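Thanks for coming, everyone. I have one model to walk through this morning. Please look at the picture first, then I will talk.

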Amino acid sequence: MNPKAIRIYLIILGIIGLIMFAGLFMRSHKSSQKWIDMEITGQINDFVHIGKDVFIQLDTTWYSFSYNRLFDSFIPNECTLSKNKGDDFYYIICPDSEMQVWSGSGGIVTDKIWLRRIEIALNKKKKNH
């Protein structure tokens, strides 16, 4: 075969592979959408760590936030989470204190796979405590 034809074939194959990889990568990170313009207020019902994310449940909706070491020693149940529109940080307001926590990414969790992972992590957390 002609070396030029093989080179063109490999280039086209590489471009198609990159497009497929980018599409799969973007789809798998659907739950970590930016929420810079969202406004959130509500009482924290539960939270769980999965990997480098903290998932917080307000009412019946789960939100993902970047991991913060604050949650290792602090249990924010019965506190209020508040995030103003356009801010890069959110507030955890408890009856005895108010904390300002910065988070660079997060969003509403709608992916069924992530919701299932959260459910499994909650069951494991309840068994350990």
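Ground rules first. This is a predicted model: local features need pLDDT of at least 70, side-chain atom pairs count only at pLDDT 80 or more, and totals for chains, interfaces and linings use all residues. Residues are numbered from 1 along each chain as its sequence is written, and side-chain values use heavy atoms, with hydrogens and water left out.

Layout. The protein has three helices and seven strands. Helices here are DSSP runs of H or I with at least four residues, strands are runs of E with at least two, and both are numbered from the N terminus. The order from the N terminus is α-β-β-β-α-β-β-β-β-α. Of the 129 residues, 30% are buried. Buried means under 20% relative accessible area, exposed means over 50%, and partly exposed is in between, with a 1.4 Å probe and protein chains only.

Now contacts, meaning heavy atoms within 4.5 Å. Take those between residues at least 6 apart in sequence: 54% join residues at least 24 apart.

Confidence next. pLDDT is the predictor's confidence in each residue, from 0 to 100. The protein averages 77, and 79% of the residues score at least 70.

Which side of H3 is buried? Trp114, Ile118, Ala121 and Leu122 are buried there. They cover an arc of only 105 degrees around the axis, so they sit on the same side of H3. That arc is taken from the directions from the helix axis to the C-beta atoms. On the other side, Lys112, Ile113, Lys124 and Lys127 are exposed.Now Leu122, in H3 (residues 112-128). Leu122 counts as buried because its relative accessibility is 11%. Leaving out residues up to four places away in sequence, Leu122 touches Asp46, Phe47, Val48 and Trp62. Leu122 and Phe47 are 75 residues apart along the chain, and their C-alpha atoms are separated by 8.1 Å.

Phe47 comes up again with a charge. The charged end of Lys125 sits over the ring of Phe47, 4.0 Å from its centre. The rule: NZ of Lys or CZ of Arg within 6 Å of the ring centre and within 35 degrees of the ring normal. Arg117 lies over the face of Trp114, at 4.6 Å from the ring centre.

Next, strand E2, residues 53-58, which holds Gln57. Is Gln57 buried or exposed? Gln57 has a relative accessible area of 18%, so it is buried. Beyond four places in sequence, Gln57 touches Gln43, Ile44, Asn45, Asp46 and Trp62.

Asp59 is not a glycine, yet its phi is positive, at about 55 degrees. Most residues other than glycine have a negative phi. Asp59 counts as exposed, because its relative accessibility is 54%.

That is the tour. Questions, please.
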